[in-house]
Amino acid sequence: MDQFNDLSSTAALLATRRSGKARDMVAPGPSPDQLHAILAAAARVPDHGKLNPWRFVVVEDRAAFAEALLSAYLAEKPEAGRLEREAMHQFALNAPCLVVAIHTPRESHIPLWEQELSVGAACQNLCLAAHAQGFVANWLTGWAAFSPAVLALLGGAAPERIAGFFFIGTQAKPLEERPRPDLASLISRWPAPA
């Protein structure tokens with residue numbers, strides 16, 4: 001019977017997960033133990049070949065990261081105006097906690113596409129685990145996710161790629177439900193009915 005209650009609460013967790021806006025997150029964020037549990041859950045995903053084609057960087061010195069991120073941005077876009085500069089600096093300071101997921105492709109007979117799917121699953125598990133701990137998470141990309149300089153700042157190099165920036169915290173404003181796709185338009189049957 002407990003197993004069914006656990007399944008029911010898992011279904012509720014999946015059905016209620018929503019992204020919070022990073023700029024609207026406030027403290028508290030996850031404690032070190034909670035963050036460890038979130039990242040442990042993120043790592044429990046399908047992974048053909050047991051390659052672990054992903055890793056996580058926990059950004060602890062957010063002020064230093066914000067300055068380094070802004071420097072990388074200005075090196076690439078020296079013409080950036082004041083509002084762009086402020087937005088880039090603020091990006092790194094949103095939410096109480098920031099984790100960066102990095103795709104680390106492995107030389108293997110396992111196709112790269114399967115490795116990329118595993119990275120996406122790890123990212124989704126991270127969001128779900130944050131929700132299970134009572135927090136909200138926001139998976140963001142943007143310029144920083146595609147910048148070789150930012151990847152280097154995080155200790156990476158090609159062919160690694162940033163899969164996303166994960167902001168985790170407590171939502172200060174009520175979350176709004178966004179429109180969801182019509183499942184009937186996404187599901188087909190095979191063979192198709194005659």
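Leu186 counts as exposed, because its relative accessibility is 57%. That residue is a handy way into this predicted model, since it sits in helix H7, which covers residues 183–186.

**How H2 packs on H5**

- Helix H2 spans residues 32–42 and helix H5 spans residues 112–132, and the two pack at an angle of about 145°.
- Their axes lie 7 Å apart, and H2 passes H5 in a right-handed crossing.
- On the H2 side, the contact is made by Ile38, Leu39, Ala41 and Ala42.
- H5 answers with Ala122, Asn125, Leu126, Ala129 and Ala130.

- The model has five salt bridges, counting a side-chain nitrogen of Lys or Arg within 4 Å of a carboxyl oxygen of Asp or Glu.
- One of them pairs Glu177 with Arg18, with 3.9 Å between the closest N and O atoms.
- Glu177 belongs to the loop between strand S5 (161–171) and H7, while Arg18 belongs to the loop between helix H1 (2–16) and strand S1 (25–26), so this pair ties together parts that are 159 residues apart in sequence.
- Arg18 counts as partly exposed because its relative accessibility is 25%.
- Lys173 and Asp24 also meet through their side chains in a salt bridge, at 3.8 Å from N to O.
- Here Lys173 is in the loop between S5 and H7 and Asp24 is in the loop between H1 and S1, so the pair ties together parts that are 149 residues apart in sequence.
- Asp24 is buried, because its relative accessible area is 14%.

- Glu86 and Arg82 form a salt bridge through their side chains, at 2.9 Å from N to O.
- Both residues are in helix H4 (residues 82–91), and because they are four residues apart, about one helical turn separates them.
- Glu86 is partly exposed at 42% relative accessibility, whereas Arg82 is exposed, with a relative accessible area of 56%.

- Leaving aside residues up to four places away in sequence, Ala27 touches Pro96 and Thr170.
- Between Ala27 and Leu128 there are 19 Å in space, C-alpha to C-alpha, and the two are 101 residues apart in sequence.
- The peptide bond that joins Ala27 and Pro28 is cis, with omega at about 5°.
- Pro191 is placed in the segment after H7.

- With a relative accessible area of 74%, Lys50 is exposed.
- Asn52, another residue other than glycine, has a positive phi near 50°.
- Asn52 is also found in the loop between H2 and S2.
- The relative accessible area of Asn52 is 39%, so this residue is partly exposed.

Notes: Residues are numbered from 1 along each chain as its sequence is written. This is a predicted model: local features need pLDDT of at least 70, side-chain atom pairs count only at pLDDT 80 or more; totals for chains, interfaces and linings use all residues. Side-chain values use heavy atoms; hydrogens and water are left out. Buried means under 20% relative accessible area, exposed over 50%, partly exposed in between (1.4 Å probe, protein chains only). Axes are lines fitted to C-alpha atoms, for helices over the stretch in contact, and angles run from 0 to 180 degrees between N-to-C directions. A crossing is left-handed if the near helix is turned anticlockwise from the far one by less than a right angle, and right-handed if clockwise. Contact means heavy atoms within 4.5 Å.
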